[in-house]
Amino acid sequence: MTAAKSTKAPFFRHEFVLVAVIVLEVILFQALGRRFLDGSNVSNIFRFSVEVGLLALAMTPVILTGGIDLSVGSMMGLCAVCFGMLVKDASLSPWVAAVLSIGIGTVGGGLNAFLIARMKLPPLIVTLGTFSLFRGLAEALTKGSKSYSAFPDSFLALGNSTVAGLPAQLWIFFLVAIGIWLLVHRTTLGRSFRAIGYSPEGSRYAGIPVERNLSLAYILTGAVAGLAAVILVARLGEARANAGIGYELLAITAVVLGGTSIFGGSGTIAGTLLGFLAVAILNNGLKRMQDYEIFDKTIASVSNEMSGMLTGLLLLVALAAVPVVKAITARRAKS
Amino acid sequence: MKPLLQLSDIRKSFGAVRALKGVSFDLQPGEVHALLGENGAGKSTLIKVITGAHSPDEGTLVVGEETLRSLTPSKARELGIACIYQQPALFPDLTVAENIGLRLKKTGAFARVNHAARRKQAEELLKRIGADLSPDAEVRSLSMPEQQLVEIACALGSGAKVVIMDEPTASLTQKEQHLLFAVVRDLRKSGVGVVYISHRLEEIFALADRVTVLRDGESVGTNRVDDLDEAAMIKLMVGREVAQLYPPAEGEAGDVVLSLKNLCCAAGGVKGVDLEVRAGEIVGMAGLVGAGRTELARVLFGITPADSGEIRLNGKPLTLSSPREAISHGIAYVPEDRRRHGVILEMPIAHNITMAVHPVLFPGTWLRFKAETELAKDFIRDLGIKAYGPDAPGGSLSGGNQQKVSVSRWLATKPKLLILDEPTQGVDVGAKSEIHKIIRGLAKDGLAVLMISSDLPEVLGMSDRIAVMRGGTVTAVLPGGSDAHEVMAAALGHGGKEVA
Amino acid sequence: MNGKYSREISVAAALGLLLVALALFAPNFYELQPLLSRTTSQMPALVAAIGITLVIITRQIDISIGAQFSLCGVVAGLVAAAGMPLGVAVLAAVGAGAFLGAFNGLLVAWLGLPSIVVTLATMVTWNELLRLWQQGRFMNLPAGFQWFGLSQAAGQGVVIGVAVALLLAAAWSMKNLAAGRRVYATGTDAEAARLAGIDPKWTTFGVFVLMGALAGIAATLNLVQSPQVQPNAGDGLELKVIAAAVVGGVAINGGRGNLWGVLLGLLLLANVNPALTHFKMEPYWERAIQGLVILLAVIADGMKRTKKAA
C-alpha cells in the first residue's frame, strides 16, 4: 500500500458513496412517489430545507474543531421569537429586526464561545445547557404559546417568492455556502479549525490563537442560527417559541453523514452539502409517497415522523460505519 | 542462592531500531540491583520486557522456577513481579484503601465489598512500609511521593518478590527520599529483590548492592557497587568515543542574542536562571530529567510565562505570555514530545511546515497553496526529508523525518533563537547525524541555538558551550569539549554522599 | 480540601432556603394532599436520575432517556390493554428499556462512538418511531391499573416506596458492591481500570443496560398515576435528570458524584416550578431556569478545577 493511496482513497470513496445514496433516493422516490422530480417539487425540496442546510454548514467548523453545538435549534426558537417581538411589539422594520435577530444569535453563540473556549468547559454539556436556556427564554418571552404573525408581504417574499427561477432563500444559502466553503478550505482560520480538532495542544505550540479561533467557530454558528430563524419565519409567516425544534439533530446528521469526523480534524464542506442533500431529499420524498402505507397511514401523511426516524437511523449507520469498516479492514490486513 | 529473576541475551527491535542488543541481568533475593544508563540506553524497554508489556525477539527469562520466552502483564503479576512507575496509575477519585483493594483482590461483579477488611488491609500494608497515610484519604489529595507509597503498598500486598522502581525519587523531596530508602531497605530485609532505576549516582551508592550499566541497548557489565567509584561508573555509562561523530564547530560566536537574568517561574519550577546565547553558537543544555530544562524552554516560549527576572532578545527586554508572542519576536521551539506538540500526524507535511507562519505566508488570511507547496518542497529538499511529497501526512514518516518536519516548521519562521528540546530522541542513527549536521549548519548561518539534550555524547559533541541545570537553575556553564565527568558531576551536584 | 460534601451542603442549603421561603410566603405549598401528589409525580424522575447518575459517573451521557421512558410506557400500556396482568406489563416495560439501553451500550462500549451523538440519534429515532406508531394517541388503561388497583393514597405510597427502595439499593450498591466500585473506577480512568483487571467495556455496557431498565421502571411508576398512557410522557425528562445530576455534584467528566447529591438536586429543580406558581410568577420560565442551573453547575465545576490546577 502506498502512502498516497491511504490518504486520498477514503475521501473520494466517502463522497462517492454519498452521491450513490442520493441517486438511489432520487430513483426510488421517482419510481414510488408522485411527481417527485417535478420542477416545483425540486424547488420545494430546497425551500423547505434551507434552514437545516444553513445550520449544517455552520456546524461543520465546530465539529472540525472537535466540538459540538447542540443549542442551534433552540437558538432559532429564541431568535424567531425576538424577531417577532421586534417587528410586532417594537414596530421595527422587519429588515432591521432581521439584522438584530442575527445579532442576538451572535451574542448567544458568544455565550457558548466564552464558556467553551475561554473557561474551557466541555462543549457537550455547555451547549446542552444553552439548548435548554435558549428554548426556555423563547418560551418565557411568549408565555409558552403566543405566536407572532401577519408580517409585511415584502418580508414574507424572502421565504416564499422565486428569484431567477429559484426560491429566494436558496440564493442566501448559496452565499453562505460559498462563504463557509471559503472559510474552511481557503483561509488560515479554516486550517486552524482542523489543527485544533486534531491536536489543540499542538496547535497552541505552533502559535495558533486557539482560544480566539475556537470562539469564532461558535459565534459563527450562533449568527447563522439567527439567519436561519429569520428565513424560517419568512417561510412560515409565523414566529413561535418552538421554531427549529430538533434541527440540531438534522444538522449534525448532515455533517456526520458528509464524512466529517465527530472527533474533529477531517471533513469537507462539499461532504456536508451532500449529506444535507441526502437528508433533505429523504424528507421530501416521503411526502410524495401517497400510495404506500405504514401503521395504517399513508406514508405521506406521516412523512415528518418517518423522516425523523430514518434520519436518526441514518446518523447511527453513518457513525457506526467508520469503526466497523476499520475493524473489518484491520482483520483482513491481519489474515 | 537461586536468583529470583534471570534474563539472558534479551534482544528487542522496533522496526529498524534495535533497542536491546543482548542484555543479561539477574536479581537475587534480598538485593537491590541498580540499573544505570543514559536516556535511550534501553532501560525502559528492559523494564517493559520484565513486566510483560513487550515480548522480546530473542533470549530467555527465568522467573523463579519457570523458564519463559516472554511474559504478559497478568502472567508477570502472577509470578510476583510488580513495577512502581514514576507516574502512579492510581484512581484519583477513590480512597487509598479502595485503590489497594481494587488492585489486590479480584472479585465477581456482584460480590460485596468489605470496606472494613479493605481498610484494615490497607492500614497494615501502609504500616509495614512506614507510610503515615490515612486509608480513607482520596488519592487526588495525596502528593506524588505519597501516591508512590500507595503503589509500593500494592506491590507488597500482592506478595511481589520482584519490585521494579523506575526513577522513584525524580519528584521527591530530600525527606521523602529518606522515607523511601527506608522502605526499600525493609523490602530487601524481607527477601524481596528490588530493581532500582535511577540517574542519581548518590542514590545508587547509598542503596544498591550491585549495579548493571546499559549502554546503547547492551549491558556493559555488572559490578558490586563497593567495587566502583563515581568516576568508574560515569565512564561505564558514557563509554564511547564522541569526537568524530559530530560536525566540527566553525566560525566565531557573534553578538549576544538571548540573555536571561534571574529568570523565575514558580509554576514551572524555574529558579533564578542566568544565561547567554550568542549568534552562531550552539549552547548545549545538560542535566538530569526533572532538572528544569524543558520548563525553562516553556518559559522562553511563553507557554508558562515567567514570574520575575529579565529576558532580553538582541538587547531588548521582552515579556512572553504566549507562543504566538514568542514567535513574533523570533523565538522558535522544537518541542520534546513530537507526537503531542510537534507534528500533527494526520495533517500533510506541507500544512505542518507552514503552521507557525500563517500570518507571514498568508497575509490577509487567504491560503496560497502554491506558495505553501513551494515552501514545503524547499524544506523537503534542504533538510533531506524522506517523504513522497508535500501532501504526505506526518504520520506516514519515520521518527527522524518527522523531527525534520518539526524543525522545518520553526526554520520557516526565520527565528533569531532556536530552542531544540531532545532533537534526536527516538531517531535512528543515520537521521541523527543528519539532524546534527542541520543544526550545525544553522549555527554557521548565524542562528543562536539552545539545545536541550539528555544524550550526553550529543551535548559534548555538538556544543560550543555547555550549560548544566540542576534543581531548576543553571549551576555551571562549561566550555565546549569539556570532559564528560565534569558535566556529569555538575548535573549530579558532585559529592553525592549527602544521602546516607 | 474544604469539604468533600461542599456541593451537597450548598444544594441542601438552597433547597432549605426555598422551602423556608415557601413556608413563610406561600404556606399552602405544604397542604398535605397536593404535596403528596407532587412528590409522587417526581418519583419516575428520581428513578431515571439514578440511572443517569451511573451513566455520568462512567463518563458517558444518555440523552435518549426521555424517549426510552415514553416507549417503555407505551409498551407497558399495550401489554396491559391486551389484558395481561400488571406484573407482565411491568416486565415488558423493563425488558424493553433494557433492550433500548443495550442498543446504546453496544454502540458506545464496543464501537467506541461518542455517547452524546449516539444517544441523540437514538432519542430521535425512538421518539419519531413512537409518533409514527401512536400518532400522539392517548391509550386508555384497564381499570385496576391505576394505583396498582389500590386506593390513591396506598398507590402513592407504593410509588414512593418503590422509588425510595431503588434509591437506597442503588446507593448501597454503588458503595458496597464490586460492580459499583467498578463504575467509579471506569469513569475515573478507563486505562487504569483496565490495568487493575476491570473491563471498562462491559462496565459501560452494563451501565447503559441498567439505565434502560430503570427508565422502564420509571415509566411504569408514571403509568400507574393516571388512567391513560401519554405517548410523549418522557419529553424533556433527559434534561431534567441530567440537570439534577449535574447540580447534585456528579462530575460531568466522570468518576465523582453520589446519589444523595442527585436527590437533593432533583428536589431543588422539582420545586422550582411549584415555587414559581406559589410566588405568583410565570411558570414558563422553568426550562430557562433549568438551563441556567446546568450552566451554573458546570461553571462551578470548571472553576473548582482551575483552582486546583493552579
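In what order do the six strands of the open sheet in chain B lie? The order is S16-S17-S18-S13-S19-S20, and the pairing is mixed. Helices and strands here are DSSP runs numbered from the N terminus, with at least four residues (H or I) for a helix and at least two (E) for a strand. Two strands pair if DSSP finds at least two bridges between them.

Before going on, a word about what you're looking at. This is a predicted model, where local features need pLDDT of at least 70, side-chain atom pairs count only at pLDDT 80 or more, and totals for chains, interfaces and linings use all residues. Residues are numbered from 1 along each chain as its sequence is written, while chains are lettered from A and ligands numbered from 1 in the order in which they are written.

Back to that sheet. Strands of a sheet pair through backbone hydrogen bonds, either parallel or antiparallel. Its edges are S16 (331–334) and S20 (473–479) of chain B, each pairing on one side only. From one strand to the next, the twist averages 20°. (Angles run from 0 to 180 degrees between N-to-C directions, and axes are lines fitted to C-alpha atoms, for helices over the stretch in contact.)

Elsewhere in chain B, S1(B) (residues 5–14) and S4(B) (residues 58–63) pair antiparallel over five bridges, with Ser8(B) opposite Thr60(B). S4(B) also pairs antiparallel with S5(B) (residues 66–68), over three bridges. Val63(B) faces Glu66(B) there, and of the two residues between these hairpin strands, Gly64(B) takes a positive phi near 60°.

Now for the neighbour. Chain B puts 23 residues in contact with 22 residues of chain A, where contact means that C-beta atoms, placed from the backbone, lie within 7 Å. On chain B's side, H10(B) gives the largest share, three residues. By class, that side has 13 nonpolar, five polar and five charged residues. (Ala, Val, Leu, Ile, Met, Phe, Trp, Tyr, Cys and Pro count as nonpolar, Asp, Glu, Lys and Arg as charged, and the others, Gly among them, as polar.)

Chain A itself has 14 helices and six strands. Of its 335 residues, 56% count as buried, meaning that 20 or more other C-beta atoms lie within 10 Å of a residue's own, all placed from the backbone (12 or fewer is exposed, in between is partly exposed).

Finally, chain C. Why is H11(C) described as largely enclosed by the rest of the structure? Because nine of its 12 residues are buried, among them Leu259(C), Gly261(C) and Val262(C). H6(C) (residues 152–176) packs against H11(C) at an angle of about 145°, with the axes 10 Å apart. On the H6(C) side, the contact is made by Leu167(C), Ala170(C), Ala171(C) and Met174(C), and on the H11(C) side by Leu259(C), Trp260(C) and Leu263(C). That makes seven nonpolar residues, with no polar and no charged ones.

Definitions and conventions:
Two residues are in contact if their C-beta atoms, placed from the backbone, lie within 7 Å.
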